[in-house]
Amino acid sequence: MNLRLPLVQYALWVAVFAAVGCGRKSTSQVVSGSPVAQSPSVSKVTAAPQSPALAPSTTPSPGAKASQSPSSDLAKLESRVRPSVILVTVFDPSGNLLRTQSGFFISADGRLATTARAIEGGINAVAKTADGGIYNVSGILVASKALDLAVLQADVKPRKLLRFLELHKDADLTVGTGVAVVGSGLAGSEGSPHEMTIGAQDSDHLEIAGTTPVSSIGAPVVNENGDVIGVVTSAGEKTIARSSAALDSLLSRISADTQAHWPATTETRATPGPTPKPRLIYAPAPAFPPQASRPGLSGTGRFRLTFDANGNVTNVQIVQSTGNLLFDEAATKTLRQWKSAPSQGWQATVPVTFQTR
């Protein structure tokens, strides 16, 4: 959602209607802005239930081994790998959507791998998992245009149990070995796992026999154990994957004091000119807590958001409680995911109303 907010007044109206119980509707309404009495612009969003992750494809890709059809083994592999696969949404300095590409977590502290092309020109990004998780990406740790690989850092809360994939350490892979490309469940049918084989191997990349959708660029190529043997960098009739050895070599360039950053942010700050006005670029409405679906239950609260210079929410303060702990927790959790375009840092007060009908 892309809204323009003046420096003195920040306004955002989002109404979300979700069916709860037997024919009963629950509503959460969000209003963001200073209490200046003017008529704000209003936009309404209807939230629909998310589609569950699709079952594995029932048609083998052209490169699949003849002796193995998509079966319970593939389903087990998918369930092991899928939670770590993400969609990375990248924004430009103006807050506009640049591109969305696949990626996957490679460590418990939020490191993720994708392609260098995915982040080119980017200044902000969010990573989304198939189960509805959303993570702010604080920046780039290392990237290589030559390898077309990048390692980013996502903001992960302490003690958060994050699923990630291990890299296969054996650089020598036999041609004809069966592998699978596992996309994101958010990509619909294109994210279904594809059984394939290694067609050829070079020093830093693999040719995978079989066709994969373009949405799989950035997705992991895994062996039967779910270990990453490559990252898809080119898809279509001919699938090319950068090897896990190349990704491991890139990871070795990250030192202990490396700080994640967005180069475009530095360039923007170095350019003389007026201070950019705060502007929200990602502002989902809080979902109505399923546990609080009692008829007639409602609550209204006010929350103060603090944004840093990179547009990340650093603090959510409850100015006025909704009177319901579940409502407060749902609002706080979602508001922490909001992002704005880069600025000098700013605050916004967000009234939130939950109501059942």
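Trainee: Why is Asp204 called partly exposed?

Mentor: This is a predicted model. Asp204 has a relative accessible area of 25%, and partly exposed covers values between the buried limit of 20% and the exposed limit of 50%, so Asp204 is called partly exposed.

Trainee: What makes the pairing of Arg242 and Asp204 a salt bridge?

Mentor: Their side chains meet at 3.2 Å, N to O. The cut-off is 4 Å between a side-chain nitrogen of Arg and a carboxyl oxygen of Asp, so the pair qualifies. The pair links distant parts of the chain, with Arg242 in strand β14 and Asp204 in the loop between β10 and β11, 38 residues apart.

Trainee: Is Arg242 buried or exposed, and how do you know?

Mentor: Arg242 has 13% relative accessibility; buried means under 20%, and therefore Arg242 counts as buried.

Trainee: Why is Thr322 called buried?

Mentor: The relative accessible area of Thr322 is 9%, which is under 20%, so the term buried applies to Thr322. Thr322 is placed in the loop between β17 and α5.

Trainee: What makes the approach of Thr322 to Asp328 a polar contact?

Mentor: The side chains of Thr322 and Asp328 make this contact at 2.7 Å. The limit for a pair of N or O atoms is 3.5 Å, so the distance meets the limit. A polar atom of the Thr322 side chain also lies 3.1 Å from the backbone oxygen of Asn324.

Conventions: Residues numbered from 1 in each chain as written. Predicted model: local features only at pLDDT ≥ 70, side-chain atom pairs only at ≥ 80, totals over all residues. Heavy atoms only, no water. Helix = DSSP H or I, 4+ residues; strand = E, 2+ residues; numbered from the N terminus. Buried < 20%, exposed > 50% of the residue type's maximum accessible area, 1.4 Å probe, protein only. Polar contact = N/O pair within 3.5 Å; in protein donor to acceptor, adjacent residues only side chain to side chain.
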